[in-house]
Amino acid sequence: MDAKKITTHTLLEMKRRGEKISMLTAYDFSLARILDDAGIDVILVGDSASNVMAGHETTLPITLDQMIYHASSVVRAVKRALVVVDLPFGSYQGNSKEALNSAIRIMKESGAHAVKLEGGAEIIESVSRILSAGVPVMGHLGLTPQSIYKFGTYVVRAREDAEAQKLMDDAHMLEQAGCFAVVLEKIPATLAGKVAHQIQMPVIGIGAGNQVDGQVLVLHDMLGINKEFNPRFLRRYADLYGTIHQATQSYINDVKSRDFPNEKEQY
Ligand code: KIV
């Protein structure tokens with residue numbers, strides 16, 4: 001294996017020496033190749049593809065087959081980054097055998113390096129069974145979008161003591177089971193920092209402050225392709241909506257005015 005490739009072990013080493021971990025989502029070959037060339041550490045083939053690629057309101061509708069399609073496109077583009085794939089809603093909650101079968105399908109059919117599951121104690125049996133088959137698992141606690149109809153809202157999680165304590169217990173449980181990292185989504189920064197301090201595995205935050213071991217954002221949000229989604233934690237690094245909109249209008253004008261194609265652009 002190429003020594004420069006990022007592995008789950010590399011991430012642990014990064015945490016030990018205090019180097020922050022960068023993670024972004026990607027769902028297709030072309031954008032994954034740009035992220036990998038730019039030096040991203042981890043690419044998450046998130047079930048947020050359900051929202052940003054397919055236009056669904058939630059992450060619930062995306063299927064295992066669709067996740068495998070996105071993941072295999074990403075894997076074909078990547079030379080260095082660790083590729084983690086979300087197990088979609090309904091593919092692991094039923095029982096641990098179903099969870100293992102889903103994880104194995106993702107690993108075999110996409111060539112990805114690890115899977116991510118949402119939840120703590122409720123799914124620990126599935127996590128353990130997947131791990132026992134040699135498949136690396138990333139946890140996901142705090143706001144877990146697959147449970148949106150249970151929460152009813154996308155507000156900040158674990159503000160109350162009882163929920164904060166459960167999150168801390170879940171993080172310890174995932175670590176003891178053998179997970180290599182955990183995502184903490186939309187929780188108070190002090191709680192996220194406390195978790196990162198108490199556990200050895202890397203903690204990757206999204207809306208969880210800067211006391212954690214790394215950060216993840218949804219690519220289409222940070223590139224400014226989505227204009228409607230404006231949570232406080234989001235920093236936009238580009239306005240691709242504006243750029244693409246303007247380019248499209250220029251193209252339309254050039255076609256309508258017969259400016260495109262010109263003599264040099266034809267055979
Ligand atoms: O699906 C996704 O994009 C995610 C991130 C928000 C962490 O799970």
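Colleague: To begin, in which loop does Gly134 lie?

Modeller: Please note that this is a predicted model. Gly134 sits in the loop that links α6 (124-132) and β5 (137-142).

Colleague: Is Gly134 buried or exposed?

Modeller: Gly134 counts as exposed because its relative accessibility is 56%, and the cut-off for that class is over 50%.

Colleague: How are Gly134 and Thr8 placed relative to each other?

Modeller: They are 126 residues apart along the chain, and their C-alpha atoms are separated by 12 Å.

Colleague: Let us turn to the ligand. Which residues are around it?

Modeller: The residues around the ligand are Thr25, Leu44, Gly46, Asp47, Ser48, Asp86, Lys116, His140, Glu185, Ile206 and Val218. By type, this shell divides into three nonpolar, four polar and four charged residues.

Colleague: Which polar side-chain atoms lie by an oxygen atom of the ligand, and at what distance?

Modeller: A polar side-chain atom of Ser48 is 2.5 Å from a ligand oxygen atom, and one of Lys116 is 2.9 Å from a ligand oxygen atom. For Asp86, an N or O atom of the side chain is 3.1 Å from an oxygen atom of the ligand.

Colleague: How much of the ligand does the protein bury?

Modeller: The protein buries 95% of the 260 Å² that the ligand exposes when taken alone.

Colleague: Where is Lys116 found, then?

Modeller: Lys116 belongs to strand β4 (residues 114-116). Its relative accessible area is 2%, so Lys116 is classed as buried.

Colleague: With which side chain does that of Lys116 make a polar contact?

Modeller: The partner is the side chain of Asp86, at 2.7 Å. Beyond its neighbours within four places in sequence, Lys116 is also in contact with other residues, including Leu44, Val84, Met138, His140 and Val183.

Colleague: A change of topic: which members of the largest nonpolar core touch the most other members?

Modeller: That core has 61 residues, and those touching the most other members are Ile43, Val115, Leu117, Val127, Ile130, Leu184 and Val195. Helix α4 (residues 64-77) gives the most to this core, with six residues. Another core, of 17 residues, lies apart from it and has Ile6, Met23, Ala114 and Val183 among its members.

Colleague: Finally, which residues of helix α9 are buried?

Modeller: In helix α9 (residues 189-198) the buried residues are Leu191, Ala192, Gly193, Val195 and Ala196. These buried residues pack against α1 (8-17), α8 (161-177), β6 (181-185) and β7 (203-206).

Key: Residues are numbered from 1 along each chain as its sequence is written. This is a predicted model: local features need pLDDT of at least 70, side-chain atom pairs count only at pLDDT 80 or more; totals for chains, interfaces and linings use all residues. Side-chain values use heavy atoms; hydrogens and water are left out. A nonpolar core is a set of buried Ala, Val, Leu, Ile, Met, Phe, Trp, Tyr and Cys residues joined through side-chain atoms within 4.5 Å. Buried means under 20% relative accessible area, exposed over 50%, partly exposed in between (1.4 Å probe, protein chains only). Helices (H or I, at least four residues) and strands (E, at least two) are DSSP runs, numbered from the N terminus. A residue is near a molecule or strand if one of its heavy atoms lies within 4 Å of it. A polar contact is a pair of N or O atoms within 3.5 Å; within protein, one must be able to donate a hydrogen and the other to accept it, and residues adjacent in sequence count only if both atoms are side-chain atoms. Accessible areas come from the Shrake-Rupley method with a 1.4 Å probe; for residues, only the protein chains shown count as cover. Ala, Val, Leu, Ile, Met, Phe, Trp, Tyr, Cys and Pro count as nonpolar, Asp, Glu, Lys and Arg as charged, and the others, Gly among them, as polar. Contact means heavy atoms within 4.5 Å.
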